[in-house]
Amino acid sequence: MSTDHHEDRPQGLTRWLFTTNHKDIGTLYLWFSFTMAVVGGIMSLVIRSELWEPGLQIVEPGFFNQMTTLHGLIMVFGFVMPAFVGLANWQLPMMIGAPDMALPRMNNWSFWLLPPAATLLVLSLFAPGGAPGVGWTLYAPLSTRAGMGMDFVILSIHMLGISSILGSINIIATILNMRAPGMILMKMPMFVWSWLITAFLLLAAIPVLAGAVTMLLTDRHFGTSFFDAAGGGDPVLFQHIFWFFGHPEVYILVLPAFGVFSQIIPTFARKPLFGYTSMVFATATIAFLSFIVWAHHMYTVGMPMGGELFFMYATMLIAVPTGVKVFNWVSTMWQGSMTFETPMLWAIGGVFTFTMGGITGLMLSVTPADFQYHDTYFVVAHFHYTIIGGSVLAIFAAVYYWLPKWTGHMFSEPLGKTHFWLTLIGFNLTFFPQHFLGLAGMPRRIPDYALQFTGFNEVSTVGSFITIVAQLIFFYLVFKCIRGGKKATDQVWEDAEGLEWAVPSPAPYHTFATPPQVK
Amino acid sequence: MSISSLKSLRSVVVPMSAGWSLFLVGGLAHADYALNFQKPVTEIGREVYDLHMLVVWIITVIFVGVFGVMFYSLFKHRKSRGHKAATFHESTTVEVIWTVIPFIILLVMAIPSTATLIKMDNVSGSDMTVKITGYQWKWKYDYMDHDISFISTLSTPQDQIKNKAEKSENYLLEVDNELVLPVGKKIRFLVTAADVIHAWWVPQLALKKDAIPGFINEIWTKIDEPGTYRGQCAELCGKDHGFMPIVVRAVNEKDFTTWVKEQKAIKLAAVAAADKTWSKDELMQKGKKVYAQCAACHGATGKGVPGVFPPMEGSKIVAGPVAEHLNIVMNGKPNTAMAAYAAQLNDIDIAAVVTYERNAFGNDTGDVVQPADVKVLR
Ligand SMILES: [Cu+2]
């Protein structure tokens, strides 16, 4: 085997700077995303503290807008996306029996673009006038008039975008070329399938975002007027382009989560995944539909009725393949022999809360009713249920599922479970009341509100503090698990299936130097 | 799952489902912990409310169905109870069933939604038209058939916002000039904006439409009952997005006619006032009031916001020639937040605010600008 390689690998800082090893890079991605989650989380606490009661307490309205903008951008581009790429780096090669990613040097680049990009994003706070207070959606012409911080954000988005594109090319190349003999496409684990489809979504969507922000940049500095009606442009064009990226983006955030649920639930139900083939097709259908529903984010811009009807019907259709996935997970549990170790708790919690976000999505698809929900806290509740409830819970599920394989130690189950319950309770306390706030008429992105919204805002703020504090437990647990603990077996979980469980725990620096044979 | 985790599960699920059941039976919102839409006061509003409740019931049934099965399974099919795992992993029949049934449910939703949308879209046959223009951070209303126009801004005092005074009942949802409309008439709104995108939203009328610079959107309403209906800007439009409310006061036809007469009289008085020569004190007093609109950006003490909004204190333009000062106030500066105030303010207001800026915040040019000086520039 390749143990002699171990000796050559550089130590200390250079190991991490120059590494081309998929496991090292996966680790870098995961720690990076954890750091960004902390930064974005602190911003969310600033937001929730200001909203604790009516009146301006701790920040000015302009700074409040900067917080909501950066919170959104950091959580989407700095936390959730890199976390899934980190999981992909660690797991994809081990799950398909490959020795590494197909393009290891590019892999190093994709990661090392992220820290400077994130730094730029945060540095925009210190530009004259501060970070742009325009929302993560960067709508023109508010963004074309914003201060210099906006240019920081544009450059940062370009770098994040290049990183994502390189990363997805790498993932596609790895999955298509480096599978072990015998692993035909329709035998790939669902996590691999979801990532293959997600990577194509990224390839198609990210360049569109890059185009949108480039047009913003030229409108701001080079005299074009793409988005300025006075110069013959169209402010709504920005929204069309943004959401043509933005809607696939939400599936970029959630499809890998579906993959995680589909790995974990069968393991702890001790039963094969129900409807594997339909899961693959449902995922592909969702990906396709995600490109033809973008304008449901902009029902109120004044589209022709034909357009509004088309986007309403197309949006409703997404419920069908998404429903199939949920039904399949429940059927996998049905008649199983279930145990509830920490990863399973997170997966079940994730399916449950994601579905709540899914069904409020169905409400939002109905155009005449959406006129009422649009740009209110109802929408804020909806997308936090899908992104935290779906993606973030799945990220934790995945980390708990594979952590013993990475570190060679079992983590503390009581701590993991406490982390889960506190997060679930805190999260629901934060966001469930926001449905009611939105229905009763509270707009989103406001630093101060009318008196009748006080009660639920207080509940929401309490919930947000519980949620964030609970994450300290996670940090402690991971730290402890790296340092030591009960030795993990190679199999780790009694009934887990897949190639990653065939390698020793902890997974050696190089795995599958000779490809395994898949039957 | 241990006993303790079951308990904590209950501690979340019980209050949440209690909230949801209240929501299903409780109907419309009014209290402190309002759960649902405010009471609609138009036919379309009621249709939208019914549509909303239809979908809410559908998703509640789906939710209870799916998770009823899941929770049953979680309790029965567990290893600790000695349950042995089955081995089945596919069934074309059930897959087809749970693809087809959602389709049918979607049809049940799509048909009434389409019908309501078509009604909302029909702006023809209106009795009067009001043009709504969004500005950072106020609304302008032009009654196209009555030759009335005014600006409507937040009237909640800063002291309440800064927690220095007790908050009034309609905190943040009150304005200086309400949009007065007759009940029982089909009113068409033309919605646009002068700077960035805003959205005009009054929940009880079930109306929300983006106000987009350079574009005009059409919506309509027909209000059933007299009353005051409050809303807010719904599209992030910069710093004071949270502070540009909308207040609609619906009155019966007779009261509306009286109100129109009053407005005309006020306008005539203003025309007369614009022709006289104003004293510096009068202009400064008036200017201070008008400056409240500028203070959102340039600061109540004229210090601006560094890097974003220039200060008035010691500004070169304010200290320079009057013509240039008038020019930037009346015509604004394209592609910046500085709007063209010629369309928003009358001659007196502009003369007053310019006089004020030139003689406040330590600026002491001593210049006095008369309404007549503004008039010739129009
Ligand atoms: Cu606005």
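Mentor: Start with aromatic pairs: rings of Phe, Tyr and Trp (its six-membered ring) pair if their centres lie within 6.5 Å, with planes under 30 degrees apart called stacked, over 60 edge-to-face and the rest tilted. This is a predicted model, where local features need pLDDT of at least 70, side-chain atom pairs count only at pLDDT 80 or more, and totals for chains, interfaces and linings use all residues. Side-chain values use heavy atoms, without hydrogens and water, residues are numbered from 1 along each chain as its sequence is written, and chains are lettered from A and ligands numbered from 1 in the order in which they are written.

Trainee: How many aromatic pairs does the structure hold over all chains?
Mentor: There are 62. In one of them, A:Phe436 and A:Phe456 are tilted, 5.4 Å centre to centre with 35 degrees between the planes.

Trainee: Are A:Phe436 and A:Phe456 buried or exposed?
Mentor: Buried means under 20% relative accessible area, exposed over 50%, and partly exposed in between (1.4 Å probe, protein chains only). A:Phe436 counts as buried at 3%, and A:Phe456 is buried too, at 11%.

Trainee: What sits over the ring of B:Trp201?
Mentor: A charge sits over a ring if NZ of Lys or CZ of Arg is within 6 Å of the ring centre and within 35 degrees of the ring normal. For B:Trp201 that is the charged end of B:Lys208, 4.0 Å from the ring centre. Likewise, the charged end of B:Lys186 sits over the ring of B:Trp220, 4.1 Å from its centre.
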